[in-house]
Amino acid sequence: MSDGGDSVSSDDCIDDCLDACCCDCFWDNICFRILCALVIVALLATVVALLVLAFVPRRVGVSVEDAALSRLDLAVKNATAAALAYDISIAVAVHNENLFLPAEHTARLDADLIFDGARFARVGLATAGAVVRPRRRKVYHATAAADSASVALGSAGVSDFLKQSAAGLFQLEVKIVGEVMYRPHHKKHRLDAICRLELALSTATSPAMFKKVKCDVQKGH
């Protein structure tokens, strides 16, 4: 109620506000076109981003889910050569983070076992043709054992091995080597990953604890 007795409804106030705000801008032809253009650009950007996420391949990830070392000894040691006796099991996961693209192994997937930069074993994880579905992971299990496997450690490597053996904790590397293709694309991408492990000896009655390790995936070619 106004001082003079005239009433002003809330609808009238709203209409006055809309007239003040909109008549000068929204319904103006130029302003309307600018707003439409901004909306269209935003929609196109969203569509392009979704297409990129859906169909531009993202590299697979790799992790070591589990590993157990039941034996690692220096079987032979002399000035010119060394050999290791070992028994190890590993579980390696390949993660496909793509929304729609399956990752197909186009070559055998291998794991090299390395101590102090020297490879002492290679094990196969998957054969060519194996597929990891979109937004899924696949775990590959492998074991390796030998009584005397030659390894080029050198005197420094032997010394390092003896120190780690005395401490009861071995620092190993697992190098993952393979090749993948993201369907329906036909380009093949080399897969190289380094997984750094610290393993204590495990026994059937006293298994060593293991924490999942995320591997460093090298940029593909």
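A residue is called buried when its relative accessible area is under 20%, and exposed when that area is over 50%; values in between are called partly exposed. The model shown here is a predicted one. Gly 157 has a relative accessibility of 0%, so Gly 157 counts as buried.

Gly 157 lies in helix H3. Apart from its neighbours within four places in sequence, Gly 157 is in contact with Phe 115 and Asp 116. From Gly 157 to Ala 82 the chain covers 75 residues in sequence, while their C-alpha atoms are 9.5 Å apart in space.

The next element is a sheet. Strands of a sheet pair through backbone hydrogen bonds, and the pairing is either parallel or antiparallel. Here four strands form an open sheet in the order S7-S2-S1-S10, with antiparallel pairing. Strand S7 (136-151) and strand S10 (213-214) each have a single partner strand, so each stands at an edge with one side left without a neighbour in the sheet. Strand S2 (residues 82-96) is joined to S7 by 14 bridges. In one of these pairings, Asp 87 has Ala 145 in S7 as its bridge partner. Helix H3 (residues 154-167) packs on this sheet and touches strand S1 (61-77) and S2. The direction of H3 makes about 105° with that of S1.

How many salt bridges does a search of the whole structure find? The search finds 12. One of them joins Asp 147 to Arg 71, with the closest N and O atoms 2.9 Å apart. Asp 147 lies in strand S7 and Arg 71 in strand S1, so this pair ties together parts that are 76 residues apart in sequence. Asp 147 counts as exposed at 57% relative accessibility, whereas Arg 71, at 32%, counts as partly exposed.

Another salt bridge is formed by Asp 112 and Arg 119, whose closest N and O atoms are 3.6 Å apart. Asp 112 is buried, with a relative accessible area of 6%, and Arg 119 is partly exposed at 47%. Both residues belong to a network of salt bridges that also links Arg 108, Asp 110 and Arg 122.

A further salt bridge connects Asp 192 with Arg 190 at 2.7 Å between the closest N and O atoms. Asp 192 is found in strand S9 (residues 188-200). Asp 192 counts as buried at 14% relative accessibility, and Arg 190 as partly exposed at 42%. Leaving aside neighbours within four places in sequence, the contacts of Asp 192 include Lys 175, Val 177 and Asp 216.

Methods: Residues numbered from 1 in each chain as written. Predicted model: local features only at pLDDT ≥ 70, side-chain atom pairs only at ≥ 80, totals over all residues. Heavy atoms only, no water. Helix = DSSP H or I, 4+ residues; strand = E, 2+ residues; numbered from the N terminus. Buried < 20%, exposed > 50% of the residue type's maximum accessible area, 1.4 Å probe, protein only. Contact = heavy atoms within 4.5 Å. Pairing = 2+ DSSP bridges. Axes fitted to C-alpha atoms, helices over the stretch in contact; angles between N-to-C directions. Salt bridge = Lys/Arg side-chain N within 4 Å of Asp/Glu carboxyl O.
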